[in-house]
Amino acid sequence: MMQHLQVPNREVEQVLLLLKNNNWLADGKLIYPSKDDKYRLIPLSTNLPDDFPDELSKYEIINANYKFDSRINPDWLTHLSSLIDKNSYEKFEQLWPTSHEFVGDMMIIKLDKQILSFSSQIANAKLISHPNIRLVLADHGVKGEFRIRQLIPIGVRHDSQIILENIPKELCKTRVTIKESGLKIICDPMKAYFSTKLQTERQETLLFAKELKHLLHRPINVCDPFCGVGPAVSSLLSEPDLVGNLLSSDLNQEAVKILFENMSKWDKRPYPEIAKKIDWIYPNRLIGIADALDLVSGPDYLGKWDMILINLPHRTLELLPQLIPLLDNTSHSLIRGRLIVEEKEIETTNQILQQLLPECLINKPKPELKIKRDYGPTLRLCSFEAWLK
Ligand SMILES: C[S@@+](CC[C@H](N)C(=O)[O-])C[C@H]1O[C@@H](n2cnc3c(N)ncnc32)[C@H](O)[C@@H]1O
């Protein structure tokens, strides 16, 4: 028996994507129809979080017999065990990666230092067990101001061959188009920050944005000054009449170049082909390269935005007070932020957060950090919403 999510047939595609992106699908087990054929039973992995996201908590989790996927042996560890000697396999049993991230036809995995010498065998086993994957990349963490992941290609599939050594550069293309909630997003994780794991966060942002529109009785003006390639605005723009004016900017010009490409699709009108300094591209679109802190140094952009997204989690507390003047304080507004904090300091940080913010709306919950996931042994990646008067 194993836990399965019981999902109405017509909602399966959407749910599956969310489960896949978060690595919550059980490896090597089949999705199969319920007895009455109204639902699909989706096998769940054991690493489900306690706070299952809202959009999934509406489905029932049931214990049901699991069925093996016999189309291909998808258990990558079985392949790995046949590619390395038994002693090494057993010695490092606890360290073989238990999760991965799919970005288009690429798989990104984190490898413990002690098993780096087995990178080729790991890539080989992953490529055998996931026949639709083209490129496997080892993730050496997010670095620098632009928060770009250090990704090392460790295996590629080309013309049905798996190449693990001296991988030609031209086969390591990392620019891909992914589909999220039915929308296409161009990204290149080697040039600009992008994470499929933030999909749930983005869907929550969309719900908050709709709530704010409801409060204001008009389309909202959104400011995303750390926008990367723009995934957060993609879902907002897909909702008719939700966004009025939009400021989307980033310090990384590679991110802005891709953002322009994405915007031309989402906004259905042309955007510049090269990255440019922030400017009004259309009367309601202020887009381009900018240091978020420079946005507040001139008066032009101040007091104009109903919702600000602050997604630079290691600097949020420092940046928050400086960005507040961007908000339109003549009506209700919302700050949605993410930050990394020691778990034992969450309470103190909540107090600091509340002191930094202007007066909050009384009929909304106080801004408080919600743990989203671990960011190391003691650090937690959290998010918060602050509804302001
Ligand atoms: C964690 S990423 C988030 C990107 C995007 N919001 C997303 O969800 O994919 C943070 C982004 O902030 C950008 N950044 C870092 N410092 C910045 C600054 N001072 N001003 C503007 N953007 C900055 C980085 O280039 C990066 O794209």
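User: Which of the 17 residues around the ligand come nearest?

Analyst: This is a predicted model. Phe-226, Asp-250, Asp-291, Ala-292 and Asn-311 come nearest to the ligand, out of 17 residues around it.

User: How much of the ligand's accessible area does the protein cover?

Analyst: On its own, the ligand has 590 Å² of accessible area, and the protein covers 97% of that.

User: Which residues have the most contacts inside the largest nonpolar core?

Analyst: A nonpolar core joins buried residues through side-chain atoms within 4.5 Å. The largest one here has 49 residues, and Val-103, Leu-246 and Met-263 have the most contacts inside it. Helix 8, residues 253-266, gives the most to this core, with 7 residues. Domain 2 (76-174) and domain 3 (195-388) each supply at least three residues to this core.

User: What does Leu-246 touch?

Analyst: Leaving out residues up to four places away in sequence, Leu-246 touches Val-222, Val-233, Leu-237, Met-263, Asn-284, Arg-285, Leu-286, Ile-287 and Trp-305.

User: How many residues are in the second, separate core?

Analyst: That core has 30 residues, including Cys-223, Ala-292, Leu-312 and Cys-382. Ala-292 is also one of the residues that come nearest to the ligand.

Note on methods. Residues are numbered from 1 along each chain as its sequence is written. This is a predicted model: local features need pLDDT of at least 70, side-chain atom pairs count only at pLDDT 80 or more; totals for chains, interfaces and linings use all residues. Side-chain values use heavy atoms; hydrogens and water are left out. Buried means under 20% relative accessible area, exposed over 50%, partly exposed in between (1.4 Å probe, protein chains only). Helices (H or I, at least four residues) and strands (E, at least two) are DSSP runs, numbered from the N terminus. Domain bounds come from an automatic or database domain assignment. Contact means heavy atoms within 4.5 Å. A residue is near a molecule or strand if one of its heavy atoms lies within 4 Å of it. Accessible areas come from the Shrake-Rupley method with a 1.4 Å probe; for residues, only the protein chains shown count as cover.
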